[in-house]
Amino acid sequence: MLKLGIIGTNWITQQFVEAAAASQKYELTSVYSRHEDTGKTFAEKNGGQVYTSLETFFKAGDFDVVYIASPNSLHAAQTIQALDAGKEVIVEKPLVSNPTEYAQVKDALAAHPELHVFEAARHIHEPNFRAIRKQLSEMSVINGATLTYMKYSSRFDNYLAGENPNVFTTTFSGGALQDLGVYVVYDAVAWFGKPNRVHYYTTPLRTGADGKGIAVLGYDDFDVTLNIGKNTNSYLPSEIYGLKDTIVMDNAAELKSVIYHASDGSTKRLSTEPAANPMLAEVDDFATVLNDPKNPDNMRHYQTWLHLSEIVNGVLYDLRRKASLVFPADK
Ligand SMILES: NC(=O)c1ccc[n+]([C@@H]2O[C@H](COP(=O)([O-])OP(=O)(O)OC[C@H]3O[C@@H](n4cnc5c(N)ncnc54)[C@H](OP(=O)(O)O)[C@@H]3O)[C@@H](O)[C@H]2O)c1
């Protein structure tokens, strides 16, 4: 059983600890919150010892692996702090704000080669994601894709009321690209590789962060268009184009329904019913590696995820630069 510590007590951490419990591979032992009351409420429901000092949490907390679900701008520093304390790390996406931070995380990992850092890009661990990859390997030509992930954030109500929620600020490395765009950038990089060129056209918010945007990733023979947003809802399906054949997804990040439309007009369902908790596949995958880190398959999977994470974070940065989106973390 892996002993688990958590940073951040919002709903996503609740979903993560429920997935961890359902996997039967983790036991929550330590909870960090900036506020005693918030930490206690979380621990009363889920278990664990509460810490309100991050230093004490890492020094005294009895856990093997930490799940970091704080605002984006804190991920890199907290990951490095965790590695230096000898902890394995599962960190919410995006792992870093920019390539400088990625290099710092890599340095910290190199100093602790026995430890691992997993970026929690949940959907790439789901069976329906792998089913798409398998179908792509059987298609003779890829002619591009249009991938959409636009979901109205409940926090946009607060933004409209005059507040500046973390996720809509550059201070916390927020915005549509970092928060939701990361999923479709993961899709593109995992399915088609690193793009040769990128463009990003944004609808900026008063905070300077992007509320919505259209990204174009250029490859040798095709382009991939990404529609992303947090201030509106889109019900558009997403598509990957072959010649006469097409893969159609209900949603490029949630992947609940995936249908292959073959050249002859027939259709084949690629998706299976997703798990009730969308984080179950990733917590299972991470535990498999952590429980047997020297297993060659596990080492290969881990290196693949880490490599993918570095490319995705690099593409996010390149897209941001194209849109002149600067974060305080960049300075
Ligand atoms: N995988 C997914 O499906 C998914 C879904 C949603 C979010 N996420 C990711 O999860 C992370 C957290 O997102 P969120 O929307 O929950 O963020 P958030 O509400 O802004 O912050 C998350 C937690 O961090 C702590 N926190 C808040 N402001 C802070 C500050 N100024 N300094 C230090 N700690 C602070 C709070 O915990 P305490 O008050 O207890 O300290 C809070 O519960 C993000 O990286 C996001 O991308 C992932």
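## Around the ligand

Start with Thr 9: one of its polar side-chain atoms sits 2.5 Å from an oxygen atom of the ligand. That falls under polar contact, meaning a pair of N or O atoms within 3.5 Å; within protein, one must be able to donate a hydrogen and the other to accept it, and residues adjacent in sequence count only if both atoms are side-chain atoms. Ser 33 does something along those lines, with a polar side-chain atom 2.6 Å from an oxygen atom of the ligand. Glu 92 brings a side-chain N or O atom to 3.2 Å from a nitrogen atom of the ligand.

Who else is there? The ligand has 23 residues around it, and the closest are Thr 9, Asn 10, Ser 33, Asn 72 and Asn 166. To be counted, a residue needs a heavy atom within 4 Å of the molecule.

## What kind of model this is

This is a predicted model, where local features need pLDDT of at least 70 and side-chain atom pairs count only at pLDDT 80 or more, while totals for chains, interfaces and linings use all residues. Residues are numbered from 1 along each chain as its sequence is written, and side-chain values use heavy atoms, with hydrogens and water left out.

The chain splits into domain 1 (2-123 + 281-306) and domain 2 (127-275 + 311-330), with bounds from an automatic or database domain assignment. Their centres, taken over C-alpha atoms, are 25 Å apart. On the domain 1 side, 17 residues are in contact with 24 residues of domain 2 (contact being heavy atoms within 4.5 Å).

Together the domains bury about 1,800 Å², 50% of it on carbon and sulfur atoms; buried area is the accessible area (1.4 Å probe) that two parts lose on being put together, summed over both. In domain 1, Lys 93, Arg 122 and His 123 lose the most area to domain 2, together 34% of what that side buries.

Polar contacts cross the interface too: 12 residue pairs, both residues at pLDDT 80 or more. The side of domain 1 that touches domain 2 has seven nonpolar, six polar and four charged residues (Ala, Val, Leu, Ile, Met, Phe, Trp, Tyr, Cys and Pro count as nonpolar, Asp, Glu, Lys and Arg as charged, and the others, Gly among them, as polar).

## Salt bridges

The structure holds 12 salt bridges, each a side-chain nitrogen of Lys or Arg within 4 Å of a carboxyl oxygen of Asp or Glu. One salt bridge is found across the domain interface. Asp 179 pairs with Lys 93 in a salt bridge, their closest N and O atoms 3.4 Å apart.
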